[in-house]
Amino acid sequence: QRNSLQNAIVRATVHCYAIEGQYPQSIEYLEENYGITIDDDKYIVSYSGFASNVMPIIEVYDKKS
């Protein structure tokens with residue numbers, strides 16, 4: 001499931017770039033505008049963007065209980 005979530009975020013990020021001409025600045029933007037849903041009880045998402053024309057670094061981690 002973690003890999004599926006990471007792949008969905010990457011796809012949404014690339015889709016946003018194709019439509020808007022820039023990568024989203026935050027994961028929250030993808031949640032609000034591109035249908036990404038993150039279970040914050042299970043996963044931690046690291047989304048680090050350098051510039052609007054550079055693919056951000058996206059990492060999804062399992063949250064330890």
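Reading from the N terminus, the elements of the chain follow the order α-α-β-β, which makes 2 helices and 2 strands in the chain. The model is a predicted one. Its C-alpha trace stretches over about 40 × 20 × 15 Å along the principal axes. The radius of gyration comes out at 11 Å, which agrees with the value near 11 Å that a compact globule of 65 residues would have. Among contacts between residues at least 6 apart in sequence, 40% link residues at least 24 apart.

As for the inside, 26% of the 65 residues are buried. The largest nonpolar core has 13 residues, and L5, I9, I27, L30, I36 and I38 are the ones touching the most other members. Two or more residues each come from helix 1 (2-20), helix 2 (27-33), strand 1 (43-48) and strand 2 (57-62), with helix 1 giving the most, at 4 residues. Take I9: leaving aside residues up to four places away in sequence, I9 touches I27, L30, I36, I38, V45, I58 and V60.

Then there is K42, sitting in the loop between helix 2 and strand 1. K42 counts as partly exposed because its relative accessibility is 37%, between the 20% and 50% cut-offs. Beyond residues up to four places away in sequence, K42 touches Q1, Y61, D62 and K63. K64 is 22 residues from K42 along the chain, with 7.8 Å separating their C-alpha atoms.

The chain carries 5 positive and 9 negative charges, whose mean positions lie 10 Å apart.

How values were computed. Residues are numbered from 1 along each chain as its sequence is written. This is a predicted model: local features need pLDDT of at least 70, side-chain atom pairs count only at pLDDT 80 or more; totals for chains, interfaces and linings use all residues. Side-chain values use heavy atoms; hydrogens and water are left out. A nonpolar core is a set of buried Ala, Val, Leu, Ile, Met, Phe, Trp, Tyr and Cys residues joined through side-chain atoms within 4.5 Å. Buried means under 20% relative accessible area, exposed over 50%, partly exposed in between (1.4 Å probe, protein chains only). Contact means heavy atoms within 4.5 Å. The radius of gyration is taken over C-alpha atoms; the globule rule is 2.2 Å times the number of residues to the power 0.38. Lys and Arg count as positive and Asp and Glu as negative; His and the chain ends are not counted. The place of a charge is taken as NZ of Lys, CZ of Arg, CG of Asp or CD of Glu.
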